[in-house]
Amino acid sequence: MADILITSAVSIPEDEVQLRFSRSGGPGGQHVNTSSTKVELRFDIDASASLTPFQKARIRRILGARVTTEGVLVLQSSEHRSQTRNREAVIARFAALLGDALRPRKRRTPTTPTRAAKRRRLEDKRQRSDTKALRRPPEPGA
C-alpha cells in the first residue's frame, strides 16, 4: 500500500485510513440508485502510529468540529459520479486538511503605530468632533 503524503516530513500509511463506499443521494437517475459512488474516509487520530502526540493534539484542536468524540476524523465526498474520482477527492482533501493543521503558524509580532499615524488619527478625531459639534443646535443665550 502507498502512503498518503501530508507534508515533507509526515506521511500516513493507507492502512491507517478506512474508506467506506455507499450510494450517493440527490439527482442522477438510475446511475445514482445502483452504484456506490459516495466515499467516506475515517482516520483514527489517536491510534495513528505515524503522528507524534503533539501533532495529534494539534490536529484535534484545529479540526475539532470534524473529529468525533472517539477521536476519529470523518470526511466524505460525493461530488463526482465516479467512485474513483470521489476516492481521490476525499484523500486529497484529507491530505490538505492535515497539512494545513500541521503547518506551523507565524507568530504575530506586535508593532507600535508611528508618530505620523498617531498624529493623523488624532487629527481625524478632531475633525469628526468639529463636524458633529456643527450639527448640534446652538446653545441658548449664545
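In this predicted model, L98 touches I6, I12, F43, I59, L63 and L73, residues up to four places away in sequence being left out of the count. L98 is also one of the residues that touch the most other members of the largest nonpolar core, together with I6, F43 and F94. That core comprises 23 residues. Two or more residues come to this core from each of β4, β5 and α3, and α3 gives the most, with eight residues.

**The sheet and the helix across it**

The strands β3, β4 and β5 form an open sheet in that order, with antiparallel pairing. Its edges are β3, residues 17-22, and β5, residues 72-77, each of which pairs on one side only. From one strand to the next, the twist averages 20°. Strand β4, residues 38-44, is joined to β5 by six bridges in the antiparallel sense. Within this part of the sheet, L41 stands opposite L75 of β5. Helix α3, residues 83-102, lies across β3, β4 and β5 and runs at about 140° to β5.

**The aromatic pair**

A pair of aromatic rings is described by the distance of the centres and the angle of the planes. The structure holds one such pair. F43 and F94 form it, with a centre-to-centre distance of 5.2 Å and an angle of 65° between the planes. Because planes over 60 degrees apart count as edge-to-face, the pair of F43 and F94 is placed in that class. The pair links distant parts of the chain, since F43 belongs to strand β4 and F94 to helix α3, 51 residues apart.

| Residue | Relative accessible area | Class |
|---|---|---|
| F43 | 0% | buried |
| F94 | 0% | buried |
| S22 | 30% | partly exposed |

F43 counts as buried because its relative accessibility is 0%, and F94 is buried because its relative accessible area is likewise 0%. S22 has a relative accessible area of 30% and is therefore partly exposed.

**Surroundings of S22**

With neighbours within four places in sequence left aside, S22 is in contact with S36, T37 and K38. Between S22 and A95 the C-alpha to C-alpha separation is 22 Å, and the two residues are 73 residues apart in sequence.

Terms used. Residues are numbered from 1 along each chain as its sequence is written. This is a predicted model: local features need pLDDT of at least 70, side-chain atom pairs count only at pLDDT 80 or more; totals for chains, interfaces and linings use all residues. Side-chain values use heavy atoms; hydrogens and water are left out. Two strands pair if DSSP finds at least two bridges between them. Helices (H or I, at least four residues) and strands (E, at least two) are DSSP runs, numbered from the N terminus. Axes are lines fitted to C-alpha atoms, for helices over the stretch in contact, and angles run from 0 to 180 degrees between N-to-C directions. Contact means heavy atoms within 4.5 Å. A nonpolar core is a set of buried Ala, Val, Leu, Ile, Met, Phe, Trp, Tyr and Cys residues joined through side-chain atoms within 4.5 Å. Buried means under 20% relative accessible area, exposed over 50%, partly exposed in between (1.4 Å probe, protein chains only). Rings of Phe, Tyr and Trp (its six-membered ring) pair if their centres lie within 6.5 Å; planes under 30 degrees apart count as stacked, over 60 as edge-to-face and the rest as tilted.
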